[in-house]
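Hi everyone, thanks for coming. Let me put the structure up on the screen, and then we can walk through it together.

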Amino acid sequence: MRAIFGITLLLAVATVNAAEFSSRGNFTSEVRLFTEKPVDPRQHGDNLSLSAEPDWYWSWNKEQDSLVVRPFGRLDQGDPDRTHADLRELLWLHLGNQYEVRTGIGQVFWGVTESRHLVDIINQTDQVENIDGEDKLGQPMIWLSLPRDTGIFDFFVLPGFRQRTFPGVHGRPRTQPRVQTSQATYDNPQGDDHIDLAARWSQYIGPIDIGISYFDGILREPRLIPGTDSKGLPVLVPHYDTGSQLGISLQGVFGAWLYKLEAVYRNYNEIDNYTAAVAGFEYTVSSFLGSRYDLGILAEYLYEDFGDLPVGPFEDDLFVGFRLALNDADSSELLAGVIADVDDGSRVFNIEASRRIGDSLKLGVEARLFSSIPQTDPLYGQRHDDYIEVTLGYYF
Amino acid sequence: MRSVFCLTTIILFWSTGILAETPQQQGHAVVSELHARDTGWHDQFAKMKMILTNRQGETSTREVRMYTLEVPGDGDKSLSIFDAPADVRGTAFLSHTHALQPDDQWLYLPALKRVKRISSANKSGPFMGSEFAYEDIASQEIDKFTYKLVAEETIDGNDAFVVEQYPQYEKSGYTREVVWIDKARYIPLKLDYYDRKDALLKTLTFSDYQQYLDKYWRAGEMYMENHQTGKRSTLTWTDYSFRQDLDDHDFDRSVLKRLR
């Protein structure tokens, strides 16, 4: 991993003078307002947070080589564990004849569904950022991509495992008890020192896009096991299993209908196997009621089977929602949905809205509401963590 | 003498040709000639700046780099990369258009590193919040419309054919479009769009035409006015270049992840 850093940095320094440079990025302020008192009195109330994410790009050798550097940093008022920095990307791309090689720290996303990202496994989730699982930590990698007429073939060597981040003692929303990341355990005798491997084939056939992926190494999603910290207080301890994951993603476009499917089969080395799937559709009514608006209706079914393990949060769940795009000059959008557990009746509501203000500012509103969560549900700890988030981002 | 004779013959042949046909055949012939004169450029690049103006005069700007590949016998392929506004910088739109089948379209969202297949069913929806609909900016394959020559007029000092075209694809927002085509250069000068109630909805005016490679005319400005809302959108095209040796690989899904 150090070698990759070294090589990439050397390249960066050596070529900066001759390179084409461009930059973009954002500074974002965030306020979270909580509607209830926390379950644990140590957890914070209303919270202010600031983040920065510049993205620098150099290209040289007639754009056959390029380097992306994208650091991220956050300052958080209430949770010292959310005050954190990460190198999201530090990636050198070389374009060859019919191949692409990327070396350094990168980000890769696989997936098609809206309510859950099952197949996506290269990058670890930066969970302390947001519980929606869409923020990812930079992953050290060597990534070979072969675009062919028969599809795109991707191969990954992934040295350097990253632990999932979790909110600290004062953090919110979070599990009860909190997750103690410093006590994390591994199947792997060398702990996080392991080189993971992955491959993916993706192709489209007419209106259908398909992706089949395989991963072998330390699985990104930890099991949270009850334990105690050094003071004897209860905590959840992440355990990282070693195993493999076979994933498939499918998406079909038929007129205004989008059909989506993601499914994974995980083979754990030490415990029972795991299967999970998300399947659903999105139907878009364009020029809704004679207006300029587009209205999308979304529905997805979430299934997972842990074998002998205790149930996860999405064992038998239904997601329904709608997406409204005003198609105005400010790109105003609204996505609202609910994930309901068919068995225990618990519901999590999500609302995300955004619009641009002028040319450089973007206003976002996000709300998450946890409703009717029974004691047996893994989300029970977050039952008093309903919040409304307002963000204002400056983009350059 | 010989050349004068030739010219006379051509004019005679041309006029009788037009007269012998129905208005539908004449309209089709004019548009066919427009298409025929605009083939063979192979690939094209241009920068587009779009200024949206609302009824109150407030403006909003978008900037896009657009690559296009000519595909003989099918619709063109295009790749658009957004440079402004800043919050969508790096977003890319890839389109493989087809004459009869639905177009294949992908959107790349840089914040999530996500390549998203999107539906091309929404023909009449606004493009980037502008007064241009997706169907206005899509590759105009000849089979997408039927035609009728309705008049010959002089517009801004240019002799023009006036052709009505009727969308044959599903979900169009228009009953008909009326296009003024310059007789000398076979290029569109003006387009009126009629909504589903056959009321005049929008007018598109082309200006600042320049010729490239001694053959292909490209407008420097396209001005769209919505008569029903008072909103306007102005497209300004600059930095045109042609025949840069682009091929199918430059319009493959795999390029989306490495664009800048």
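**A short tour of chains A and B**

Let's start with one residue: A:V390 lies in strand β21 of chain A. Before we go on, please keep in mind that this is a predicted model.

Is A:V390 buried, partly exposed or exposed? The answer is partly exposed, because its relative accessible area is 32%, and the buried class ends at under 20% while the exposed class starts at over 50%.

Together with A:V31, A:L33, A:L48, A:V365 and A:I388, A:V390 forms a nonpolar patch on the surface. Two strands of chain A, β1 (20–34) and β21 (387–395), each give the patch at least two residues.

Now please look at another spot on chain A. A:D229 sits in the loop that runs between β11 (223–228) and β12 (234–240). Here the relative accessible area is 9%, so A:D229 counts as buried. What does the side chain of A:D229 have beside it? One of its polar atoms is 3.0 Å from the backbone nitrogen of A:K231. If we skip neighbours within four places in sequence, A:D229 is in contact with A:R178, A:Q180, A:Q183 and A:V235.

Over to chain B, where B:M66 is part of strand β2 (residues 59–69). With a relative accessible area of 16%, B:M66 is buried too. Its contacts beyond four places in sequence include B:F45, B:L79 and B:W237. B:F82 is 16 residues away from B:M66 in sequence, and the two C-alpha atoms are 8.8 Å apart in space.

Finally, let's see how the two chains meet. The contact involves 50 residues of chain A and 36 residues of chain B. About 3,600 Å² is buried between them, and carbon and sulfur atoms account for 44% of that. On the chain B side, B:R117, B:R253 and B:R260 provide 22% of the area that chain B buries against chain A, more than any other three residues.

How many salt bridges cross this interface? There are 7. One pair to find on the screen is A:E89 with B:K113, a salt bridge whose closest N and O atoms are 3.1 Å apart. In chain B, strands β2, β5 (104–109) and β6 (114–118) each bring at least two residues to the side that touches chain A. Of the elements there, β6(B) gives the most, with 4 residues.

That's my tour, and I'm happy to take questions!

Key. Residues are numbered from 1 along each chain as its sequence is written. Chains are lettered from A and ligands numbered from 1 in the order in which they are written. This is a predicted model: local features need pLDDT of at least 70, side-chain atom pairs count only at pLDDT 80 or more; totals for chains, interfaces and linings use all residues. Side-chain values use heavy atoms; hydrogens and water are left out. Patches are made of residues with over 30% relative accessible area and no salt bridge: like charges are joined within 9 Å, nonpolar side chains (Val, Leu, Ile, Met, Phe, Trp, Tyr) within 5 Å. Accessible areas come from the Shrake-Rupley method with a 1.4 Å probe; for residues, only the protein chains shown count as cover. A salt bridge is a side-chain nitrogen of Lys or Arg within 4 Å of a carboxyl oxygen of Asp or Glu. Buried means under 20% relative accessible area, exposed over 50%, partly exposed in between (1.4 Å probe, protein chains only). A polar contact is a pair of N or O atoms within 3.5 Å; within protein, one must be able to donate a hydrogen and the other to accept it, and residues adjacent in sequence count only if both atoms are side-chain atoms. Contact means heavy atoms within 4.5 Å. Buried area is the accessible area (1.4 Å probe) that two parts lose on being put together, summed over both.
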